[in-house]
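Good morning, and thank you for making time on the agenda. Please look at the sequence and the model on the screen, and I shall then take you through selected parts.

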Amino acid sequence: VHNLGVDLLTVVKEENAKTKPDNTKLWMAYRDWAWINLGFFCLLRKSEICNLRCSDFRFDSEGLPTQVRVRRSKQDAAGVGEWVPIPSQTGLFYNMRRHLRSYLNLLASQGFTGEDYLITKYEKKAVTKAPYGKQGLWSRFRTLLSRYMSADKVREYGTHSLRRGGTTHYRSLGMPTREMQKIGRGRSTCFDIYDETDLRQVAYM
């Protein structure tokens, strides 16, 4: 199984290395990398990913994002919102916070401001501020997966596979269920159900 997140990260690095990078291609690579990583490591649902705004981050003294705000979730019908930690150590070789900061800087250079959506559409060969809907995000996820597996296999997965795969990844690192609850904002029983090794292979960053 190919490493989807690392493949996207390779595209980002290649575009950054060019003297005159294609900003549109760079933006698309960063965008897909950002929502896949946030979904996986912050255990976000697709509706939560779609509703993220550029201002939904807290930063440390180095300007690195350390928390992301989930404005409304399944357990937060009133829309009070919760701040979810962005891990500094993912168990993998790259610093998620640094790459996320690079994406936010890229958005700022494209004219995105605080209340603009974080994950937006590419339409008519241009970056737009139109947000992805849940169906659009799921379709994009299937498109990315189709590069690495058959159509029959792709149909077995959806964007919720990121949340389930992230849970399995954290379980493999020995993270206690209570810590996963803090990140994923769910009942302890759901994280036991989510722990499926085969899903980690697809969502693995």
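Lys124 lies in the loop that joins strand S4 (120-123) to strand S5 (126-131); strands here are DSSP runs of E with at least two residues, helices are runs of H or I with at least four, and both are numbered from the N terminus. This is a predicted model, in which local features need pLDDT of at least 70, side-chain atom pairs count only at pLDDT 80 or more, and totals for chains, interfaces and linings use all residues. Residues are numbered from 1 along each chain as its sequence is written, and side-chain values use heavy atoms, with hydrogens and water left out.

Phi of Lys124 is positive, near 50°. Lys125 is in the loop between S4 and S5 as well, and its phi is near 60°. For context, most residues other than glycine have a negative phi. Are these lysines buried or exposed? Lys124 has a relative accessible area of 83% and is therefore exposed; Lys125, at 73%, is also exposed. The classes are buried for under 20% relative accessible area, exposed for over 50%, and partly exposed in between, with a 1.4 Å probe and protein chains only.

I turn now to helix H2. Residues 23-41 form this helix of 19 residues, and 26 Å separate its first C-alpha from its last. That is close to the expected 27 Å, where the expectation is 1.5 Å times one less than the number of residues. Of the 19 residues of H2, 16 are buried, so the helix is largely enclosed by the rest of the structure. Lys25 belongs to H2 and, at 42% relative accessibility, is partly exposed. The C-alpha atoms of Lys25 and Val127 are 9.7 Å apart, although 102 residues separate the two in sequence. After H2 comes Leu43, with a positive phi near 55°.

My last topic is a helix pair. Helix H7 (residues 160-172) and helix H8 (residues 177-184) have axes that come within 11 Å and cross at roughly 150°; axes are lines fitted to C-alpha atoms over the stretch in contact, with angles from 0 to 180 degrees between N-to-C directions. Which residues make the contact? H7 contributes Arg163, Thr167, Tyr170 and Arg171, and H8 contributes Thr177, Met180, Ile183 and Gly184, contact meaning heavy atoms within 4.5 Å.

Finally, the chain as a whole: its 205 residues are 46% buried, and it holds 10 helices and five strands.
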